[in-house]
Amino acid sequence: MVGVSEFILPAPAAVVGALGELLADPAIWGHIGVTLLEVLVGFGAALVAGVCVGALLGRIEWLRRAVQPALVALQVVPKVAFVPIFVIWFGFGPTSKIIMAGLLAFFPIMLNVMLGVRSVERGHRDVMTGLGASRWATFRNLELPATLPYVFAGAEVAIVFSVIGAIVGEYLGGSAGLGYLVVSSLNALDAPRLFAVIVLLAVLGSLLYLMVTTAKRLVIPWHESVNTGV
(Lines give C-alpha, C1' and ligand atoms only; values in the text may rest on other atoms or scores of the structure.)
Protein backbone atom coordinates (compact mmCIF):
# COMPACT_ATOMS: atom_id res chain seq x y z
CA MET A 1 0.00 0.00 0.00
CA VAL A 2 1.50 3.31 -1.14
CA GLY A 3 2.43 5.77 1.61
CA VAL A 4 1.89 3.35 4.52
CA SER A 5 4.89 1.85 6.28
CA GLU A 6 4.97 -1.96 6.51
CA PHE A 7 5.65 -1.56 10.22
CA ILE A 8 2.19 0.02 10.58
CA LEU A 9 0.15 -2.04 8.14
CA PRO A 10 1.94 -4.94 6.43
CA ALA A 11 0.80 -6.19 3.04
CA PRO A 12 -1.66 -9.12 3.07
CA ALA A 13 0.89 -11.28 1.25
CA ALA A 14 3.42 -10.63 4.02
CA VAL A 15 0.87 -11.59 6.68
CA VAL A 16 -0.03 -14.79 4.82
CA GLY A 17 3.65 -15.62 4.50
CA ALA A 18 4.24 -15.01 8.22
CA LEU A 19 1.19 -17.13 9.04
CA GLY A 20 2.59 -19.97 6.94
CA GLU A 21 5.92 -19.73 8.72
CA LEU A 22 4.19 -19.82 12.09
CA LEU A 23 2.14 -22.89 11.23
CA ALA A 24 5.22 -24.63 9.84
CA ASP A 25 7.08 -24.08 13.11
CA PRO A 26 6.34 -27.00 15.51
CA ALA A 27 6.70 -24.65 18.48
CA ILE A 28 3.52 -22.75 17.52
CA TRP A 29 1.34 -25.73 18.43
CA GLY A 30 2.78 -25.68 21.92
CA HIS A 31 1.82 -22.01 22.27
CA ILE A 32 -1.68 -22.70 20.92
CA GLY A 33 -2.02 -25.62 23.33
CA VAL A 34 -1.03 -23.45 26.30
CA THR A 35 -3.56 -20.76 25.42
CA LEU A 36 -6.28 -23.32 24.68
CA LEU A 37 -5.68 -25.06 28.02
CA GLU A 38 -5.90 -21.79 29.93
CA VAL A 39 -9.09 -20.77 28.13
CA LEU A 40 -10.90 -24.10 28.50
CA VAL A 41 -9.98 -24.67 32.15
CA GLY A 42 -10.86 -21.08 33.06
CA PHE A 43 -14.12 -21.26 31.14
CA GLY A 44 -15.03 -24.61 32.67
CA ALA A 45 -14.40 -23.35 36.20
CA ALA A 46 -16.38 -20.18 35.49
CA LEU A 47 -19.26 -22.22 34.06
CA VAL A 48 -19.54 -24.39 37.17
CA ALA A 49 -19.10 -21.51 39.60
CA GLY A 50 -21.35 -19.16 37.63
CA VAL A 51 -24.21 -21.66 37.42
CA CYS A 52 -23.99 -22.52 41.13
CA VAL A 53 -23.69 -18.94 42.37
CA GLY A 54 -26.29 -17.63 39.91
CA ALA A 55 -28.81 -20.31 40.86
CA LEU A 56 -28.20 -19.67 44.55
CA LEU A 57 -28.59 -15.91 44.27
CA GLY A 58 -31.63 -16.30 42.04
CA ARG A 59 -33.41 -18.48 44.57
CA ILE A 60 -32.41 -16.70 47.82
CA GLU A 61 -33.49 -13.07 47.70
CA TRP A 62 -31.89 -11.92 50.97
CA LEU A 63 -28.54 -13.40 49.95
CA ARG A 64 -28.68 -11.65 46.58
CA ARG A 65 -29.34 -8.31 48.29
CA ALA A 66 -26.51 -8.90 50.75
CA VAL A 67 -23.79 -9.74 48.21
CA GLN A 68 -24.94 -7.53 45.33
CA PRO A 69 -22.85 -4.47 46.37
CA ALA A 70 -19.70 -6.60 46.53
CA LEU A 71 -20.47 -8.24 43.17
CA VAL A 72 -21.06 -4.86 41.53
CA ALA A 73 -17.82 -3.46 42.97
CA LEU A 74 -15.86 -6.49 41.75
CA GLN A 75 -17.47 -6.35 38.32
CA VAL A 76 -16.73 -2.68 37.65
CA VAL A 77 -13.04 -2.95 38.60
CA PRO A 78 -10.92 -3.26 35.43
CA LYS A 79 -9.86 -6.90 35.42
CA VAL A 80 -6.46 -6.03 33.95
CA ALA A 81 -5.60 -4.55 37.35
CA PHE A 82 -5.72 -8.05 38.85
CA VAL A 83 -3.06 -9.49 36.53
CA PRO A 84 -0.02 -8.24 38.53
CA ILE A 85 -1.63 -9.53 41.72
CA PHE A 86 -2.27 -12.95 40.21
CA VAL A 87 1.31 -13.08 38.91
CA ILE A 88 2.64 -12.30 42.40
CA TRP A 89 0.38 -14.89 44.01
CA PHE A 90 0.53 -17.69 41.43
CA GLY A 91 3.67 -16.95 39.41
CA PHE A 92 4.20 -16.68 35.66
CA GLY A 93 2.80 -20.14 34.90
CA PRO A 94 -0.63 -20.99 33.50
CA THR A 95 -2.41 -20.76 36.88
CA SER A 96 -2.59 -16.98 36.88
CA LYS A 97 -3.90 -16.97 33.29
CA ILE A 98 -6.52 -19.60 34.08
CA ILE A 99 -7.77 -17.53 37.00
CA MET A 100 -7.85 -14.42 34.83
CA ALA A 101 -9.81 -16.24 32.12
CA GLY A 102 -12.21 -17.66 34.69
CA LEU A 103 -12.73 -14.29 36.35
CA LEU A 104 -13.74 -12.61 33.12
CA ALA A 105 -16.01 -15.50 32.14
CA PHE A 106 -17.69 -15.81 35.54
CA PHE A 107 -19.85 -12.70 35.57
CA PRO A 108 -21.71 -13.15 32.26
CA ILE A 109 -22.64 -16.71 33.24
CA MET A 110 -23.59 -15.87 36.82
CA LEU A 111 -25.73 -12.87 35.87
CA ASN A 112 -27.57 -14.74 33.12
CA VAL A 113 -28.23 -17.76 35.33
CA MET A 114 -29.51 -15.53 38.11
CA LEU A 115 -31.82 -13.80 35.63
CA GLY A 116 -32.98 -17.16 34.28
CA VAL A 117 -33.84 -18.51 37.73
CA ARG A 118 -35.69 -15.33 38.66
CA SER A 119 -37.59 -15.35 35.36
CA VAL A 120 -39.39 -18.62 36.15
CA GLU A 121 -42.98 -17.54 36.81
CA ARG A 122 -44.23 -18.09 40.32
CA GLY A 123 -47.53 -19.37 38.93
CA HIS A 124 -45.73 -22.23 37.20
CA ARG A 125 -44.02 -23.17 40.45
CA ASP A 126 -47.39 -23.07 42.22
CA VAL A 127 -48.82 -25.43 39.61
CA MET A 128 -45.96 -27.90 40.17
CA THR A 129 -46.50 -27.66 43.92
CA GLY A 130 -50.23 -28.20 43.48
CA LEU A 131 -49.53 -31.31 41.44
CA GLY A 132 -47.46 -32.67 44.29
CA ALA A 133 -44.16 -32.49 42.41
CA SER A 134 -41.01 -32.89 44.47
CA ARG A 135 -38.31 -30.24 44.51
CA TRP A 136 -36.18 -32.36 42.17
CA ALA A 137 -39.11 -32.84 39.76
CA THR A 138 -39.78 -29.11 39.79
CA PHE A 139 -36.14 -28.39 39.03
CA ARG A 140 -35.90 -31.01 36.26
CA ASN A 141 -39.18 -30.26 34.50
CA LEU A 142 -39.56 -26.52 35.06
CA GLU A 143 -36.53 -24.62 36.33
CA LEU A 144 -33.82 -26.40 34.32
CA PRO A 145 -35.51 -26.03 30.88
CA ALA A 146 -36.35 -22.42 31.66
CA THR A 147 -32.80 -21.57 32.77
CA LEU A 148 -30.75 -23.42 30.12
CA PRO A 149 -31.22 -20.73 27.42
CA TYR A 150 -29.85 -18.17 29.87
CA VAL A 151 -26.91 -20.44 30.69
CA PHE A 152 -25.95 -20.67 27.02
CA ALA A 153 -26.51 -16.95 26.50
CA GLY A 154 -23.97 -16.30 29.25
CA ALA A 155 -21.64 -19.01 27.97
CA GLU A 156 -21.52 -17.49 24.48
CA VAL A 157 -20.26 -14.24 25.96
CA ALA A 158 -18.08 -15.94 28.55
CA ILE A 159 -16.09 -18.05 26.08
CA VAL A 160 -15.02 -14.87 24.28
CA PHE A 161 -14.15 -13.18 27.57
CA SER A 162 -12.12 -16.21 28.67
CA VAL A 163 -9.99 -15.91 25.53
CA ILE A 164 -9.45 -12.23 26.28
CA GLY A 165 -8.54 -13.02 29.89
CA ALA A 166 -5.98 -15.65 28.95
CA ILE A 167 -4.38 -13.45 26.29
CA VAL A 168 -4.19 -10.43 28.59
CA GLY A 169 -2.60 -12.59 31.27
CA GLU A 170 -0.01 -13.92 28.81
CA TYR A 171 0.57 -10.44 27.42
CA LEU A 172 1.38 -8.90 30.79
CA GLY A 173 3.13 -11.81 32.48
CA GLY A 174 3.68 -14.90 30.41
CA SER A 175 6.45 -16.92 28.83
CA ALA A 176 4.28 -19.07 26.54
CA GLY A 177 1.02 -18.85 24.62
CA LEU A 178 -0.32 -16.70 21.83
CA GLY A 179 -0.36 -13.60 24.03
CA TYR A 180 3.36 -14.08 24.62
CA LEU A 181 3.88 -14.34 20.85
CA VAL A 182 2.09 -11.00 20.45
CA VAL A 183 4.56 -9.40 22.86
CA SER A 184 7.61 -11.03 21.26
CA SER A 185 6.48 -10.00 17.77
CA LEU A 186 5.90 -6.45 18.97
CA ASN A 187 9.30 -6.25 20.63
CA ALA A 188 10.94 -7.52 17.44
CA LEU A 189 8.98 -4.98 15.35
CA ASP A 190 7.81 -7.88 13.21
CA ALA A 191 4.46 -6.52 12.04
CA PRO A 192 3.58 -9.39 9.64
CA ARG A 193 4.14 -11.94 12.39
CA LEU A 194 2.13 -9.82 14.82
CA PHE A 195 -0.83 -9.72 12.44
CA ALA A 196 -0.45 -13.46 11.80
CA VAL A 197 -0.74 -14.17 15.53
CA ILE A 198 -3.85 -11.97 15.67
CA VAL A 199 -5.34 -14.05 12.85
CA LEU A 200 -4.64 -17.21 14.84
CA LEU A 201 -6.35 -15.65 17.87
CA ALA A 202 -9.38 -14.77 15.77
CA VAL A 203 -9.60 -18.32 14.42
CA LEU A 204 -9.20 -19.83 17.89
CA GLY A 205 -11.88 -17.58 19.37
CA SER A 206 -14.26 -18.30 16.50
CA LEU A 207 -13.82 -22.07 16.88
CA LEU A 208 -14.47 -21.90 20.62
CA TYR A 209 -17.56 -19.76 20.09
CA LEU A 210 -18.76 -22.24 17.47
CA MET A 211 -18.25 -25.02 20.01
CA VAL A 212 -20.59 -23.29 22.48
CA THR A 213 -23.25 -22.51 19.88
CA THR A 214 -23.14 -26.10 18.63
CA ALA A 215 -23.63 -27.34 22.17
CA LYS A 216 -26.60 -24.99 22.50
CA ARG A 217 -28.21 -26.40 19.36
CA LEU A 218 -27.77 -29.94 20.68
CA VAL A 219 -28.98 -29.29 24.22
CA ILE A 220 -31.90 -26.89 23.62
CA PRO A 221 -33.00 -27.46 20.02
CA TRP A 222 -36.54 -26.48 21.02
CA HIS A 223 -35.67 -22.91 22.02
CA GLU A 224 -36.55 -20.06 19.67
CA SER A 225 -32.99 -18.66 19.76
CA VAL A 226 -31.89 -21.88 18.03
CA ASN A 227 -34.83 -22.12 15.65
CA THR A 228 -34.43 -18.53 14.47
CA GLY A 229 -30.63 -18.86 14.15
CA VAL A 230 -29.87 -16.22 16.80
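**Stop 1: valine 197**

Select valine 197, which counts as buried because its relative accessibility is 0%; buried means under 20% relative accessible area, exposed means over 50%, and partly exposed lies in between (1.4 Å probe, protein chains only). This is a predicted model, in which local features need pLDDT of at least 70 and side-chain atom pairs count only at pLDDT 80 or more, while totals for chains, interfaces and linings use all residues. Residues are numbered from 1 along each chain as its sequence is written, and side-chain values use heavy atoms, with hydrogens and water left out.

Valine 197 sits in helix α9 (residues 191-219). Helices here are DSSP runs (H or I, at least four residues), as are strands (E, at least two), numbered from the N terminus. Now show what surrounds the side chain: leaving aside neighbours within four places in sequence, valine 197 is in contact with Leu22, Leu178, Leu181, Val182 and Ser185, where contact means heavy atoms within 4.5 Å.

**Stop 2: helix α4**

Select residues 83-90, helix α4, and colour its buried residues Val83, Phe86 and Val87. Looking down the axis of α4, you will find these buried residues within an arc of 100 degrees, so they line one face of the helix; the arc is that of the directions from the helix axis to the C-beta atoms. The face turned away from the buried side of α4 carries Ile88 and Trp89, which are exposed. Then step to glycine 91, which follows α4 and has a positive phi, near 85 degrees.

**Stop 3: helices α3 and α5**

Select residues 61-76 (α3) and 94-119 (α5), which pack at an angle of about 155 degrees with axes 13 Å apart. That angle makes α3 roughly antiparallel to α5, a label for angles over 145 degrees. Axes are lines fitted to C-alpha atoms over the stretch in contact, and angles run from 0 to 180 degrees between N-to-C directions.

Show side chains where the two helices touch: Glu61, Arg64, Leu71, Leu74 and Gln75 in α3 meet Phe107, Met110, Leu111, Met114 and Arg118 in α5.

**Stop 4: the whole chain**

Zoom out to cartoon view. The chain has 10 helices and zero strands. Of its 230 residues, 38% count as buried. Among contacts between residues at least 6 apart in sequence, 73% join residues at least 24 apart.

Technical notes
Angles under 35 degrees count as roughly parallel, over 145 as roughly antiparallel, 65 to 115 as roughly perpendicular and the rest as oblique.
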